[in-house]
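Look at the fold below and follow its strands one by one. Then see what packs on them.

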Amino acid sequence: MTDADIATTTADWQAWQESWDRQQEWYLPDREERFRIMLDMVEAVVGTAPRVLDLACGTGTITARLLARFPEATSTGVDLDPALLAIAEGTFAGDDRVGLVTADLKDPDWPARLPYDSYDAVLTATALHWLHREPLADLYGQVAGLVRAGGVFMNADHMIDESTPRINAAERAQRHARMEQARESGVLGWTEWWQLAAKDPVLAEPTARRYKIYGDHADGDMPSVRWHARVLREKGFGEARPVWCSPSDTLLLAMK
């Protein structure tokens, strides 16, 4: 099934998941590699049956890969996006290993909505750059309160080193050239994907609500790895460092 076919199919959640993956891989060709390393580190630190918080879970991308690799794991997904949560709810319907929570991570009381007071691991990817530094630092403090002693928090996201502007510019130019080549072959970008969702009989209404919340795209920050590691330690983590990186992104692990 092609992306164009999805809008004529009611509630084909697997097709929507695959379409979301293709759209995200347009931006992040090494996306699956970061997930593999993330789950490697989950296994290394907290084992193969962890209780996980999938932070800003979207369609449940991390949760799906977590459960495929660790069938005894459990996951709580939390997000505010009504359309992406609809896809997650459809995907994991009937799976008692998964719970989904609607909450705004900028709301100081969002942890009260969770079913558990603590987690072995809190995982997130390509999501927290929607936040500016101050609310992100506050969020890191809340996450530190949710991770058990010896547990982990991992964030895979854009982390820009502003001390290397020429390297950054060269990487950005190469990445955008590759993206344009992929677009010419018919790959959907962010805007086109949401236009498709807005036409779907099931997703049209939650997509409209999503645009009322976020608009087209949020304007957040992409501070450096050093900033993230420093703030996580300040907020209560004992150790924090990168465990994987690409030319533009980093997977940072913090251990309680």
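Seven strands form an open sheet in this predicted model, in the order β3-β2-β1-β4-β5-β7-β6, with mixed pairing. Strands here are DSSP runs of E, at least two residues long, and helices are runs of H or I, at least four; both are numbered from the N terminus. Two strands pair if DSSP finds at least two bridges between them. β3 (98-102) and β6 (239-245) stand at the edges with a single partner strand each, so one side of each has no neighbour in the sheet. From one strand to the next, the twist averages 20°.

The model is predicted, so local features need pLDDT of at least 70 and side-chain atom pairs pLDDT 80 or more, while totals for chains, interfaces and linings use all residues. Residues are numbered from 1 along each chain as its sequence is written, and side-chain values use heavy atoms, without hydrogens and water.

Now take one pair. β1 (residues 51-55) and β2 (residues 74-79) run parallel, joined by five bridges. Aspartate 54 has glycine 77 in β2 as its bridge partner.

α6 (residues 133-146) touches β1, β4 (119-125) and β5 (147-158). Contact means heavy atoms within 4.5 Å. The direction of α6 makes about 145° with that of β5. Such angles run from 0 to 180 degrees between N-to-C directions, with axes fitted to C-alpha atoms, for helices over the stretch in contact.

α10 (residues 225-234) touches β5, β6 and β7 (249-255), and its direction makes about 15° with that of β7. Which residues of α10 are buried? They are Trp227, His228, Ala229, Val231 and Leu232. Buried means under 20% relative accessible area, with a 1.4 Å probe and protein chains only. These buried residues pack against α6, β5, β6 and β7. Just after α10, glycine 236 takes a positive phi of about 130°.

Methods
Buried < 20%, exposed > 50% of the residue type's maximum accessible area, 1.4 Å probe, protein only.
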